[in-house]
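Visitor: I am new to this and would like to see how the terms are applied. Could we go through them one by one?

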Amino acid sequence: MSTQQSIRHLPLKQLSLSPLNVRKIGAESGIEELAALIRAQGVLQNLMVYKEDKPRGKSAGYKVVAGGRRWRALKQLAKNGDIHADYLVPCQIVGYERAEEISLAENSGREAMHPADQFEAFRKLTESGQSVEDVAARFGVSPLVVQRRLKLANVCPQLIALYRDGDLTLEHLMAFAVTEDHARQQQVWASLDRYNRSPGAIRRALTEGETSIRDAVARFVGVKVYEKAGGHIRRDLFAEQDDGFIVDAELLTRLATEKLDKQAAALKAEGLAWVEVMRHLDYSELAAYGRVRQVLREPTKKEQTRLTGLERRRTALEAQVTEAERAGDEERLSRLGARAGALDSAIEQINEGRRVPDPAQQARAGAVIAIGQDGKLRVERDLLRPGETGTGSADKRVGTSDEDEPGAPALHSAALVRRLTAHRTAALQIMLARSADAALAALTHSLALPIFYGQGAGQSAVQVQTQIPALREHGADIGSCRAIGALEARRGEFASVLPKDAEMLLDWLLARPQAEVLSVLAFCVAVSVNTVQSDERPGTFDRLARAVGLDMRAWWTPTVEAYFGSIPKARILAVVTEAISEKAAVPLAKLKKADLAKAAEDCVTVTTWLPEPLRTVAA
């Protein structure tokens with residue numbers, strides 16, 4: 001009997017899968033796609049079945065031994081209502097004794113179609129006049145899949161040949177498909193070193209000088225605006241999202257500049273003294289500008305009454321602290337310290353509500369506008385041009401000068417300023433210990449002040465009598481700070497070489513080279529440095545910090561414990577605005593103080609921001 005004669009069209013409801021079918025793994029994969037193909041084209045290849053023994057009381061059925069995936073696809077179509085259970089399926093009937101052999105032969109000899117054959121077949125179908133949607137429907141795939149296959153078919157034939165031979169991967173072809181210029185594709189392939197022919201390297205070479213549509217400037221301008229102005233976009237269908245590249249960089253820059261200039265004109269119309277336009281703006285550039293100082297308006301009668309009461313209690317508390325220090329009562333000192341912190345916070349909260357922009361500075365303030373990393377307009381207001389006077393951060397009352405009222409409340413409480421400047425002192429000590437020249441100059445400065453200028457040694461940061469300041473008393477976190485650890489390590493290095501007997505020290509110093517003596521001198525001068533203060537006014541230590549290149553970002557981080565837990569909510573939000581952006585601070589305003597402090601730590605610690613008392617020119 002011929003094969004043609006043994007083929008019958010059997011109703012789908014009479015077919016079931018044979019246990020002899022050898023394909024167990026991968027049988028379910030791609031069923032949806034195969035079902036769509038059968039729906040469009042019909043069953044192009046018959047199934048192979050054998051007749052099962054007739055069950056008692058039922059009609060005889062047929063077991064599918066080859067074509068199990070086609071049978072599953074047909075069952076899926078019947079389940080979806082695309083075909084009926086009586087759908088006639090072409091089947092070749094074989095004997096039971098040959099069934100397993102046939103199943104093994106069919107599955108073993110099958111070889112998948114090479115992808116290059118598939119996308120070239122798609123190309124021929126579209127060239128014959130079929131639309132992308134028609135081809136997608138016929139093969140049960142999405143139109144995007146067909147578009148991607150056609151994009152691959154447009155790659156240079158020589159590169160496709162390399163792909164067939166296994167010298168290129170599919171990812172290589174996807175990278176080349178970024179352009180349809182065959183000469184450019186071949187040029188890039190030939191120009192790349194053999195060890196640098198990755199898909200990423202190919203894509204970068206082909207798009208060199210172009211800008212991704214996901215770039216901040218491109219998002220700021222907008223793809224529709226760019227294309228409406230005549231700009232061309234090179235599409236990349238193989239990106240995770242539909243991506244593309246701006247080809248005309250000059251046009252993009254012009255459109256961005258025009259949009260920024262339009263925004264600048266709107267700001268100037270508001271009455272700002274000046275507006276500067278930048279394409280990009282980072283923290284280091286922004287830090288060069290001053291900000292309009294916050295001044296303290298006159299307190300209301302209610303505020304003044306409460307301030308007077310709080311300050312009176314604070315003064316009385318300081319007397320109790322002095323008594324506890326003399327008695328060495330650490331437990332009482334701890335309780336008093338907590339009460340003092342609460343009073344400082346209450347005073348600061350009242351002063352926070354009194355802060356208003358300084359009218360004199362507000363009159364000459366301006367703004368900087370730039371394109372943010374998110375592709376949106378970034379506007380930094382209330383800025384003073386670099387180098388302008390009066391940009392200090394300390395607050396003062398309206399109508400007074402810094403000299404008139406040196407004790408005016410600042411941005412931070414006195415306790416926090418002492419803690420911050422204790423950290424600064426420790427960092428300055430280790431930096432000075434590493435610079436013998438600067439230490440020698442600082443020591444000479446301290447000795448020369450009373451001799452040549454009639455000024456006390458208090459005008460110098462160096463205490464010549466070698467009184468080592470007790471920095472740890474200003475905050476629990478100071479003992480574990482990085483600068484203290486570095487100082488202790490340095491102390492250990494000297495202790496290991498200096499004589500054990502103090503009587504032998506002078507002889508040892510006289511016998512050592514000058515460089516070694518200067519190293520010891522530098523450390524001794526360094527640990528006597530004391531820049532702890534309660535206000536935020538600048539002092540001699542600033543010049544000393546610049547001399548040794550002190551950058552507090554290497555020694556201190558704005559954590560909840562170190563900073564955010566000790567300032568009010570309004571100040572935390574102001575810090576986030578300055579360090580990141582006003583947009584970043586807006587969603588944080590609704591948080592409670594503890595959650596706000598933690599959120600500020602998470603976002604500010606990755607920046608280069610420092611509070612005013614820790615900023616130096618070196619930073």
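Visitor: What makes Glu578 count as buried or exposed?

Guide: First, note that the model is predicted. The relative accessible area of Glu578 is 13%. Buried means under 20%, so Glu578 is buried.

Visitor: What is Arg615 called, with a relative accessible area of 31%?

Guide: The limits are under 20% for buried and over 50% for exposed. The value of 31% for Arg615 lies in between, so Arg615 is partly exposed.

Visitor: Why is the contact of Arg615 and Glu578 called a salt bridge?

Guide: The term needs a side-chain nitrogen of Lys or Arg within 4 Å of a carboxyl oxygen of Asp or Glu. For the side chains of Arg615 and Glu578, the N to O value is 2.7 Å. That is within 4 Å, so the pair is a salt bridge. The pair links distant parts of the chain, 37 residues apart: Glu578 is in helix H25 (residues 569-579), and Arg615 is in the segment after helix H27 (593-604).

Visitor: Why can such side chains pair at all?

Guide: Side chains of opposite charge can pair when their charged atoms come close.

Visitor: How many salt bridges does the structure hold?

Guide: There are 19 salt bridges in the structure. One of them joins Arg314 and Asp344, with the closest N and O atoms 2.9 Å apart. Arg314 belongs to helix H16 (residues 301-327) and Asp344 to helix H17 (residues 330-354), so this pair ties together parts that are 30 residues apart in sequence.

Visitor: How do you know whether Arg314 and Asp344 are buried or exposed?

Guide: Again the cut-off for buried is under 20%. Arg314 has 12% relative accessibility, so Arg314 counts as buried. Asp344 has a relative accessible area of 11%, so Asp344 is buried as well.

Visitor: What makes Glu352 and Arg355 a salt bridge?

Guide: The closest N and O atoms of Glu352 and Arg355 are 2.5 Å apart, and the limit is 4 Å. Arg355 has a relative accessible area of 11%, so Arg355 is buried.

Visitor: How many residues of the chain count as buried, as a percentage?

Guide: Of the chain's 619 residues, 41% count as buried.

Visitor: How many helices and strands does the chain have?

Guide: The chain has 27 helices and 14 strands.

Visitor: Which strands form the open sheet that includes S10?

Guide: Four strands form this open sheet, in the order S9-S13-S14-S10, and the pairing is mixed.

Visitor: Why are S9 and S10 said to stand at the edges?

Guide: Strand S9 (275-277) and S10 each have a single partner strand, so one side of each is left without a neighbour in the sheet. Helix H14 (residues 249-269) packs on this sheet and touches S9, S13 and S14. The direction of H14 makes about 155 degrees with that of S13.

Visitor: How many bridges lie between S13 and S14?

Guide: Strand S13 (residues 366-371) pairs with S14 over five bridges, in the antiparallel sense. In their hairpin there are five residues between the strands, and Gly375 takes a positive phi near 80 degrees.

Visitor: Which strands form the open sheet that includes S1?

Guide: The order is S1-S5-S3-S4-S2, five strands with mixed pairing. Strand S1 (7-11) and strand S2 (15-17) are the edge strands, as each pairs on one side only. The twist from one strand to the next averages 50 degrees.

Visitor: What makes S2 and S4 a pair?

Guide: S2 and strand S4 (residues 62-66) share three bridges in the parallel sense. At least two are needed, so they pair. The bridge partner of Leu17 in S4 is Val64. Helix H3 (residues 68-80) packs on the sheet and touches S2, strand S3 (47-51), S4 and strand S5 (88-93).

How values were computed:
Residues are numbered from 1 along each chain as its sequence is written. This is a predicted model: local features need pLDDT of at least 70, side-chain atom pairs count only at pLDDT 80 or more; totals for chains, interfaces and linings use all residues. Side-chain values use heavy atoms; hydrogens and water are left out. Buried means under 20% relative accessible area, exposed over 50%, partly exposed in between (1.4 Å probe, protein chains only). Contact means heavy atoms within 4.5 Å. Axes are lines fitted to C-alpha atoms, for helices over the stretch in contact, and angles run from 0 to 180 degrees between N-to-C directions.
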